[in-house]
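Dear colleague,

Please find the structure below, handed over for your records. My findings follow it.

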Amino acid sequence: GVAIVDRFIFGTFGGRVRVWILDVAEVQAFEERADALGDLGRLFRMFPDISAVAVVGRDLSCVIVEPEDTAPQIQVPSGSLVPRRYKRAIEPAVQALPAFLEGLIPYWDPMPAFHPDSAVRIEIKEIARDVVGVAIETRRRIGERARKGNPKKDALMTLGEKETKAIDGLVKGIFEGSIDPAEVESRIERLAEP
């Protein structure tokens, strides 16, 4: 029931805020409408990626509404139902919006300096050999549990050292850059050919 003069969305990786500038002298008039929070609740259901709606009046007073403000809540410890209510106070938009965004952005410690000498070295050859060996052995165990006469059992039971070396070489080639990752599927198919 209130005209929106202007609207826009801003945010960070922590969330997005939909800002509505309403055709009311001050936000207090909008806040006093009994059905306003129910209407905003429908908005949050339609746009689940929105963290909050900032309702701004022509005087640039602002109230920020979050999804939890738009639903009745259970009061603790009495267990009674509390009606919908605005948790945040009305403030000038120039203060309310930056303060809300600061709450969305997590605090990051300064990044430490990286020294080339302290780098962790990974021996991909050893890791690849172990991982491929475990994967082949797992397939063989699955084959052992299959029923007799099952073609899958026969195929899995033939897996061994030859396949381990071939897949190990494939992994190393991908890591070193000598094999294009797009070729992996065709190379595995060639390995499977009799």
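L97 is found in helix α3 (helices are DSSP runs of H or I with at least four residues, numbered from the N terminus). The model is a predicted one, in which local features need pLDDT of at least 70 and side-chain atom pairs count only at pLDDT 80 or more, while totals for chains, interfaces and linings use all residues. Residues are numbered from 1 along each chain as its sequence is written, and side-chain values use heavy atoms, with hydrogens and water left out.

L97 counts as buried because its relative accessibility is 14% (buried is under 20% relative accessible area and exposed over 50%, with partly exposed in between, for a 1.4 Å probe and protein chains only). Leaving aside neighbours within four places in sequence, L97 is in contact with F10, V17, V19, A54, C62 and I64 (contact means heavy atoms within 4.5 Å). Of these, V19 lies 78 residues from L97 along the chain, and the two C-alpha atoms are separated by 9.2 Å.

Helix α3 itself covers residues 93-104 and reaches 17 Å from its first C-alpha to its last, close to the 16 Å expected for 12 residues at 1.5 Å a residue (the expected span is 1.5 Å times one less than the number of residues). Its buried residues are A93, A96, L97, F100 and L101. Seen down the axis of α3, they fall within an arc of 120°, so they line one face of the helix (the arc is that of the directions from the helix axis to the C-beta atoms). The face turned away from the buried side of α3 carries the exposed residues V94, E102 and G103.

Helix α4 (residues 124-145) has 22 residues, which should span 32 Å at 1.5 Å a residue; the end C-alpha atoms are 32 Å apart, which agrees. The buried residues of α4 are I124, A128, V132, I136 and G143. These fall within an arc of 80° seen down the axis of α4, so they too line one face. D130, V131, V134 and R145 are exposed on the face of α4 turned away from its buried side. What covers the buried residues of α4 includes α5 and α6.

Helices α5 (151-157) and α6 (161-176), together with α7 (184-192), each supply at least two residues of the lining of the largest pocket. Helix α6 gives the most, with four residues. By class, the lining has 10 nonpolar, one polar and three charged residues (Ala, Val, Leu, Ile, Met, Phe, Trp, Tyr, Cys and Pro count as nonpolar, Asp, Glu, Lys and Arg as charged, and the others, Gly among them, as polar). A pocket here is an open set of points on a 1 Å grid over the protein atoms alone, where a 1.4 Å probe fits, with protein on both sides within 12 Å along at least five of seven lines; lining residues have an atom within 4 Å of a point.

Yours sincerely
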